[in-house]
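Please walk me through this structure.

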Amino acid sequence: MKFAAMISFLLFAVFPQVVLADSPDLAPTPPMGWNSWNKFQTRINEQLIHDVAEAMIANGMRDAGYTCINLDDGWSMKKRDDEGNLVGDTKRFSSGMKALGDYLHDHGFKFGIYNCAGTQTCAGYPGTRDHDEQDAKTYASWGVDYLKYDWCHTEGLKAPEAYKKMSDALRATDRPMVFSICEWGGSKPWTWANGVGQLWRTTGDIGPCYDCKGQYTNGWKTLLDQQVGLEKYAGPGHWNDPDMLEVGNGSMTLPESRGHFSLWCILAAPLIAGNDVRHMKDEVHDILTNRDAIAVDQDPLGKQGFRVSKDDGKEIWAKELSGGDWAVGALNTGSESAKLDVDWNKLDFLKDTYTVRDLWTKQDVGDTSKPYTTEVDSHDVAFLRLHPAK
């Protein structure tokens with residue numbers, strides 16, 4: 001047995017609770033949590049994070065699996081201190097970043113934070129370039145569990161090398177930290193980032209809409225289309241990331257939020273909520289905390305779903321699950337409500353007869369011995385779980 005392998009074996013034998021910094025156990029299923037950017041951008045402070053944590057406990061999100069609260073851009077001072085260390089904004093986070101991490105840990109959450117590989121973050125705060133080891137040690141001293149690492153102001157850098165450098169610095173701290181690679185898919189990180197980080201962005205930024213296009217953001221359907229063919233690169237400990245959830249944000253209709261969430265679950269995408277969880281409609285809460293939908297995303301087999309077919313007004317997506325089950329989503333891409341049918345005979349990966357359950361209505365809807373037809377709202381998904389019939 002090689003020395004490193006022997007050390008790992010002994011650590012797990014003597015301290016089975018230890019998770020090594022480079023272990024796939026850091027993210028055996030897609031990470032779940034909440035991130036401040038989509039709703040609040042840089043308008044964040046200590047009280048907001050406390051309120052979010054308390055709301056997620058009260059509304060059941062934490063217990064549904066959303067266990068990491070992530071500060072995005074804007075948490076730090078505009079300059080490093082005299083020793084070159086990052087410092088949390090002393091007015092907005094007056095108790096300090098370690099105290100914030102302790103608070104989150106005491107309330108059953110993990111502590112996530114953000115920075116950039118470049119000289120500055122996207123919002124103009126100090127970036128990590130030439131400070132990799134120093135910043136990694138700082139995060140470890142604060143009790144950080146998750147680092148989202150962006151790609152602004154990176155002139156002259158190459159993504160594989162820059163992310164590997166920070167990955168090594170995080171590992172050297174001996175504190176397990178999930179490393180979220182956020183370079184927007186430009187260098188095809190799915191081809192090189194397995195073993196560097198636990199998840200990597202495959203797209204540019206998401207916007208709170210179905211298929212709108214902006215200068216820097218695109219709707220979730222545009223990002224969904226970019227996932228076709230990437231399923232072979234995902235699995236336990238290494239996940240494709242089509243960006244965070246916009247459920248409950250912007251001008252999205254309730255069916256669009258439901259469709260967005262359904263397909264992110266089929267993709268085995270990280271489920272990082274980005275709405276104001278302190279004040280949300282019951283219907284939005286019910287989407288985010290649907291345990292049956294979450295179980296599809298968090299299935300231990302770790303398979304990313306794939307697009308089965310694309311027709312005028314309809315797409316079929318499917319995801320293999322543990323125990324012989326399958327998840328199937330029928331997406332209405334049309335602008336009006338429509339009857340969609342699923343012809344099980346055309347899904348050649350189904351070898352037997354399966355019972356079918358609708359995960360949104362929570363009703364059994366027959367089996368695969370005959371086609372299934374249902375009314376689906378515009379941009380919504382009929383989200384079905386198939387189980388081998390006895």
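Strands S15 (residues 354–358) and S18 (residues 381–388) pair in the antiparallel sense over five bridges. Pairing here requires at least two DSSP bridges between two strands. Tyr-354 has Pro-388 of S18 as its bridge partner. This is a predicted model: local features need pLDDT of at least 70, side-chain atom pairs count only at pLDDT 80 or more, and totals for chains, interfaces and linings use all residues. Residues are numbered from 1 along each chain as its sequence is written, and side-chain values use heavy atoms, with hydrogens and water left out.

The pair belongs to an open sheet of six strands, in the order S11-S12-S13-S18-S15-S16, with antiparallel pairing. S11 (306–311) and S16 (363–367) each have a single partner strand, so one side of each lacks a neighbour in the sheet. Neighbouring strands are turned by 25° against each other on average, direction ignored.

Helix H9 (residues 254–266) lies across S12 (314–320), S13 (326–332) and S18. H9 runs at about 35° to S18. Helices (H or I, at least four residues) and strands (E, at least two) are DSSP runs, numbered from the N terminus. Axes are lines fitted to C-alpha atoms, for helices over the stretch in contact (heavy atoms within 4.5 Å). Angles run from 0 to 180 degrees between N-to-C directions.

Now turn to Asn-240, in strand S9 (residues 239–241). Is Asn-240 buried or exposed? Asn-240 counts as buried because its relative accessibility is 1%, and the cut-off is under 20% relative accessible area (1.4 Å probe, protein chains only). Its side chain makes a polar contact of 2.8 Å with the side chain of Trp-200. A polar contact is a pair of N or O atoms within 3.5 Å; within protein, one must be able to donate a hydrogen and the other to accept it, and residues adjacent in sequence count only if both atoms are side-chain atoms. The Asn-240 side chain also reaches the backbone oxygen of Leu-230 at 2.9 Å.

Conventions
Buried < 20%, exposed > 50% of the residue type's maximum accessible area, 1.4 Å probe, protein only.
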